[in-house]
Amino acid sequence: YCCQLVNWMYIYSAEYNPDQYLWEPEFTLAGRKYKRIDLELSNERNQTLKCSHYVPAIIPENTALPCVIYCHGNSGCRADANEAAVILLPSNITLFALDFAGSGLSGGEYVSLGWHEKQDLKSVVSFLRKNKEVSCIGLWGRSMGAVTSLLYGAEDPSIAGMVLDSAFSNLYELMLELVDVYKIRVPKFTVKMAVHYMRRVIQRRAKFDIMDLNVVQFAPKTFIPALFGHASSDVFIQSHHTDRIHQAYAGDKNLIKFDGDHNSARPQFYYDSVSIFFYNVLNPPQFPSACSNKLEKYYNRGAGTNESLLYEIINGLRAAGTDAGSSSAAAASFTNGAPQNQ
C-alpha cells in the first residue's frame, strides 16, 4: 500500500510527439486560421516547462486578447487542452497550455498534485503579463490542475475567472478514501501509519508536505469568479470534495454536476457553460470573422443547442475519437483543424 501511494507521485505521463498529439503549428478552425506557438519557460526550481500558446494567425493592430491557461491533471499533459481550444479560440480568447514539471515533456521527476505546480503556473502568468498582446487572464483546471488553480488564485486576485473541474478538498482525506475505493483490506490504524510514512517519504523526495494540501482553507480567502464542475459518478475524487470547496468559496460562484466519472468526456451543456462563463468574465474584443455572426447568436441565446457552433465542432472531435478532456490520456492529433484517428 505504501509503495502504491508513493508511486502515485512519480511520472506517469509518457513522452509524446507534439506534432502528433497537439493542434498543428498552423490550422483552421471554424473558418479562421490559427497558429500554435511552442516555447519553453523555467520555474523557480530551474526546471524547463514545455508550453504552447494558441492564437489567431492574424490579430488586428493594437488589439490585446484575453488568455486562458489550461492546467492539466495528474498523469496528463498539454494535449489535454485540445478540446479547450475549440471552446475558446472562436470567441477571440487565446489558449495557453503547459506540461507541468514532472509531466509530459517538461523537466522534473515528481508531480506534487498542485503544490509545486502552483509555482509553474506563476511562471506562466508572469510570462503572459509581459506580453502586450495579452489582456486579462483566466484559468481552467482539471483535477490536479483545478487544485493548482485554486492555490494560485488565492495569491493572485487579478485572475479574471477560474473553471475548476474535479478538485479535491484535502489530500490526506482523499488518500484515506482511496483505501475504500480500491478495497484495500487493512486495519484503519495501519492505513494511517502508512500515510504518515508516505508523508515523510514525499517530504524527502518531492519536497512538500501532503498535509499542506488542504484546499478548503484557501477557499474563504479567494474572491475570483469561479465555475465549479464535478462528475456525479466520480469515485476517484468524489463530488463531495467540490461541494466542500464550493460552500467555503468567497467569490462569485456556480456549481455544475453532470453524469460521468473522473476521466469521462464532459457533456455539451457543461462546455456551453464554460464558454459563456469565460466570455462574460474575460470580455474578449470582437472583430470580423467567418463565424462572428454565429457566435453572437450563440451568446445572445445563452447555451444554444441546434445552432451552436461549439456543439457542431466538439461533436466532430468526439466522432474522431478525441479524448482531450481526460487527465489520463493524450488527445488525437489534428491536421489543418481536422482531427484524425491515430
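# A chat about a predicted model

Visitor: Ala97, buried or exposed?
Guide: Ala97 is buried, at a relative accessible area of 1%. Buried means under 20% relative accessible area, exposed means over 50%, and partly exposed is in between, with a 1.4 Å probe and protein chains only.

Visitor: What sort of model is this?
Guide: This is a predicted model, in which local features need pLDDT of at least 70 and side-chain atom pairs count only at pLDDT 80 or more, while totals for chains, interfaces and linings use all residues. Residues are numbered from 1 along each chain as its sequence is written, and side-chain values use heavy atoms, leaving out hydrogens and water.

Visitor: Back to Ala97. Where is it found?
Guide: In strand S5, residues 94-98. Helices (H or I, at least four residues) and strands (E, at least two) are DSSP runs numbered from the N terminus.

Visitor: What is Ala97 in contact with?
Guide: Leaving aside neighbours within four places in sequence, Ala97 is in contact with Lys50, Cys51, Ser52, Tyr70, Arg78 and Ala81. Contact means heavy atoms within 4.5 Å. The C-alpha atoms of Ala97 and Ala85 are 9.7 Å apart, and the two residues are 12 apart in sequence.

Visitor: How many helices and strands are there in the protein?
Guide: The protein has 11 helices and 11 strands. It has 342 residues, and 56% of them count as buried.

Visitor: And what share of contacts join residues at least 24 apart?
Guide: 73%, among contacts between residues at least 6 apart in sequence.

Visitor: New topic. At what angle do the axes of H4 and H5 cross?
Guide: Roughly 70°, and the axes come within 9 Å; H4 is residues 117-129 and H5 is residues 144-153. Axes here are lines fitted to C-alpha atoms, for helices over the stretch in contact, with angles from 0 to 180 degrees between N-to-C directions.

Visitor: What does that make H4 relative to H5?
Guide: It makes H4 roughly perpendicular to H5, a label for angles of 65 to 115 degrees. The crossing is right-handed, meaning that the near helix is turned clockwise from the far one by less than a right angle.

Visitor: Which residues make the contact?
Guide: From H4, Glu117, Lys118, Leu121, Lys122 and Val125; from H5, Met144, Thr148, Ser149, Leu151 and Tyr152.

Visitor: How many residues of H5 are buried?
Guide: 10 of its 10, so H5 counts as mostly covered. Its buried residues pack against S4, H4, strand S6 (134-142), strand S7 (161-165) and helix H8 (240-248).

Visitor: What about Ser143? Where is its place?
Guide: Ser143 is in the loop between S6 and H5. It is buried, with a relative accessible area of 5%. Its phi is near 60°, a positive value in a residue other than glycine.

Visitor: Where is the place of Ser169?
Guide: In the loop between S7 and helix H6 (171-181). Ser169 counts as buried, at 0% relative accessibility.

Visitor: With which side chain does Ser169 make a polar contact of 2.9 Å?
Guide: That of His241. A polar contact of 3.5 Å joins the side chains of Ser169 and Arg244. A polar contact is a pair of N or O atoms within 3.5 Å; within protein, one must be able to donate a hydrogen and the other to accept it, and residues adjacent in sequence count only if both atoms are side-chain atoms.

Visitor: What else does Ser169 touch?
Guide: Not counting residues up to four places away in sequence, the list includes Leu213, Asn214, Val215, Val216 and Ile245.

Visitor: And Thr63, where does that lie?
Guide: Thr63 lies in the loop between strand S3 (48-56) and strand S4 (65-71). It is buried, with a relative accessible area of 18%. A polar atom of its side chain lies 3.1 Å from the backbone oxygen of Pro60. Beyond neighbours within four places in sequence, Thr63 is in contact with Glu133, Pro285 and Phe287.

Visitor: Last one. What does Val281 count as?
Guide: Partly exposed, at 23% relative accessibility. Val281 is in helix H9, residues 268-282. Leaving aside neighbours within four places, it is in contact with Ala160, Gly161 and Pro225.

Definitions and conventions:
Parallel < 35°, antiparallel > 145°, perpendicular 65-115°, else oblique.
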